[in-house]
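Hello,

Here is the structure for you to look over. My notes follow below it.

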Amino acid sequence: MSKKTYNSGEPSLGLELEEETATEQKGPVTVLGLTFSNDDERREYFRAELHRKLPELRNIEGFPIGEDDDIIALSDPPYYTACPNPWLNDFIAEWEAEKKDLEAKGLRKTDFEVTEPYSADVSEGKNNPIYKAHSYHTKVPHPAIMRYILHYTQPGDIIFDGFCGTGMTGVAANMCEDVAQVNSLSMNNVKVGARHSICSDISPIASLIAANYNLSFYPSVFEREANNILDKVEKEFGWMYETFISSQKFTINNVVWSDVFLCPNCGEEICLWDYFVNPLKEEVLDSTKCRKCGVTISKKNLIKKFHTVYDKVLEDSISIIETRPCQIYCSGNKTKEADQLDTDKLQQIEDSLDFSYHTERLPEGDESRRNDKVGISYTHQFYTSRNYICLSKIYELVKNNPILLAWFTSSLFSTSKMNKFRFSGTGTTSGTFYISSLNREFNVLNTLRRKISSFSQCYYNGRNNSLVNLISATNLNISNNKIDYIFVDPPFGANIMYSELNSLWESWLHIRTDNTKEAIVNKTQNKTLFDYQTLMNASFKEFYRVLKPGKWLTMEFSNTSASVWNSIQNALQGVGFIIANVAALDKKQGSFKAVTTTTAVKQDLIISCFKPSEKLLAHFENMRQSDDNQNIFVSTQSFIEELLTRLPVIIVNEKKTTAVVERSPKILYDRLIAFFVQNGRQIPMDASEFQRFLRDTFVERDGMFFTAEQAIKYDDLRRQIPEMVSLALFVGSEADGVQWLKRELADKPQTYQDLQPKWMQDLVAPKKGDAIPELMQILEENFLKNEDSQWYIPDAENEADLEKVRTRRLLREFKTYVEAAEKPKGRIKEARLEALRTGFKNCYQEKDFATIVRVGDRIPQSLLTEDDVLLQYYDIATNRI
């Protein structure tokens, strides 16, 4: 991709937007082997090519809903296309060729390999100007992503983000060539140098914002052009934002509007501002008395007052909640109550509206249509008339320029009726289309002028190493094994209704998201948790396909639901990824739900996983072609060895050594099961056999397993940092209980009376529907008792015998669940999780997939979806029957 330099020749500005613009330069431009006299010629050529390819591209999943001309106008090809990008593989081939030059200069290594995940907890704030310039529902600060990119890649590598949102992954990849930025992260053994990136999203507004942050950008040109546009609009419509105080003219900064209600007792009109707000004391009352009948009233028991008005944009009469302008904040820190002159001006503005102004009905949805009950369901109804007129005029002046259009869309929420009134600060409610009964109308012209500076601060060296396109993650249009690293922050279940919330922005773009392949849980779209998992599975399958063997994927996770967490892990493992580590990402500011919900996750989680190396895949293919026990053993050993080499040897947190839970026998065995099941092979050994295999083949330290080389490193690091935070401390499942007991009995045998008080202290609520056995039963099934009635850990031979007896008991219990599931309308309200695991495993090995599905459909869904092992077997079974 060509590097661009700014030519300081004076461009003509204004409506025509001729010659050089905020994204253009004068002088020759070379792209994909083609040379153009300037950027304008380049854009014209590739827009024509894109237009020619659109009929074929429309067949690709995720193609947006919109007219060809609108899609072309929004695009800046070949770098940014508001549809699938047909030049992705051409750029990839060019970037791969560039790697050889970087290697020759010593900027890359041919044998570069990352054997451990980036496991340090990351904390990055949101005060960076790039982060703040354009709002979006979720964003990861680019310095946080830089840490991962610098760890997993080297200069020239190709980074991919299939749920790119605002394109922060692209920004992070570009920023890796900024020495100061890299040095500020204080990371060791990383190479400065730009990485290329491909950023994809299914949303038109997300792709536009991502393009704004990643395309070439010339701040001085942008500032002149944006100011010229606002000057032009202000000259025509500035009168709409004028008011008078003592015959002196002032400019309106913002206006507080209030809904009007009726007293539930006498029907008196109640203007919320007049009754409940005390501007002098800066307080909002919870209750007051009706001035007519004296009854105590609160907002909760008031009746909304509707009135019928003629909507000139819709050319129809509508019923809408009545609102009034109340308090006006003006230039010079002046404040006034709205008077008759202000009301007359509003009527004058209303008279200037006509049906030629564009509007769209928002799509069906729980969130997008939440304001139907107050008569607001079209785009223009989210704005006051003067704001809508000004925004419409500005849109006409910016609609063919992606940078200016991104600047324009950055104000669409803050200038809407969704801006809540507060005495200190202001803002919309994140993740919703909520319109408060007291809201602020901000001056569009002032708001966009302030945004000019914010956007100018988004300039940074290294832009234009990224491609941005609009496509579904389920069909990426990228060739196999081409990507060096993937960082994704995907949608998580029902947390955020992206396409619904984006519909207001996208109505202005005249292009909407095709949400058929949108991976969410959504009642209106009839998408359940299993539909969500299916779409995530299809997306991860594409990620697995395009990622090179042995390379890494990092995924941010933010959801309070354990079922969604397991769906994500199951989807990753289901396509072949192997999870190596889970760490925390602290973005220093909770979302709306994180702040108001006691169960919300305050820290996002980072999942690190890798695509198996070519060597491991070859081992497994040999095993596939032969059931020889030696081949099975070698494949098992190869899998565990590769997994161990890609796990952190040690994690240091606050000068303490933290146990690496992924190195515990239970997690290692779960990973083994997932890998073998997803590859259609029999599970090579049971849990006790696997533990013997671990002890015989690898080195155990502090309940964790290492390769011999790693054990030496671990011992050395443990001597330096002796304080240790152990593995699982609490008992929330039968498996946790067994591990808890092994830890308690590791040093000496203990009686039931010794164990029981401590057991009760560490016992926590199990998953809903999981019947955890009593302590005595777990002891009897997994441990031995000496002549002093003390329980102790059995040796390997006795442990194997106990495991056989326990397995027979669990299978007998599972049989009762099978019988219950065979009864008409039979439901299993509670089940022993270990019995289900053992039964599902046995059915899988006997290829009795129908029984797995039948029982899975009858047990509590939370029990099925919140256990990754059950979910693995169930998903495989549903695809086999």
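In this predicted model, Met168, Thr169, Gly170, Val171, Ala172, Ala173, Asn174 and Met175 of H6 are buried. Buried means under 20% relative accessible area, exposed over 50%, and partly exposed in between, with a 1.4 Å probe and protein chains only. Helix H6 spans residues 168-175, and eight of its eight residues are buried. Helices (H or I, at least four residues) and strands (E, at least two) are DSSP runs, numbered from the N terminus.

Two points on the basis. Residues are numbered from 1 along each chain as its sequence is written, and side-chain values use heavy atoms, without hydrogens and water. Local features need pLDDT of at least 70, side-chain atom pairs count only at pLDDT 80 or more, and totals for chains, interfaces and linings use all residues.

Next, the cavities. The structure holds five of 30 Å³ or more. The largest cavity has about 360 Å³ of space. Its lining has 32 residues, and the closest to its centre are Phe163, Cys164, Gly165, Asp201 and Asp489. H6 and helix H15 (498-509) are the elements that give two or more residues to this lining. H15 gives the most, with three residues.

A cavity is a set of points on a 1 Å grid over the protein atoms alone, where a 1.4 Å probe fits but cannot get out; lining residues have an atom within 4 Å of a point. Grid points are joined across faces, edges and corners, and a volume is the space filled by probe spheres set on the points.

Then the helix packing. Helix H9 (residues 219-237) and helix H13 (residues 402-409) pack at an angle of about 55°, with their axes 11 Å apart. Axes are lines fitted to C-alpha atoms, for helices over the stretch in contact, and angles run from 0 to 180 degrees between N-to-C directions.

Last, the backbone. Most residues other than glycine have a negative phi, and most peptide bonds are trans. A cis peptide bond joins proline 77 and proline 78, with omega about 5°. Proline 78 sits in the loop between helix H2 (68-74) and strand E4 (80-81).

Serine 246 has a positive phi, near 50°. Its loop runs between strand E8 (242-245) and strand E9 (248-262). Serine 246 is exposed, at 73% relative accessible area.

Best wishes

Definitions and conventions: On a 1 Å grid over the protein atoms alone, a cavity is a set of points where a 1.4 Å probe fits but cannot get out, and a pocket is an open set with protein on both sides within 12 Å along at least five of seven lines; lining residues have an atom within 4 Å of a point.
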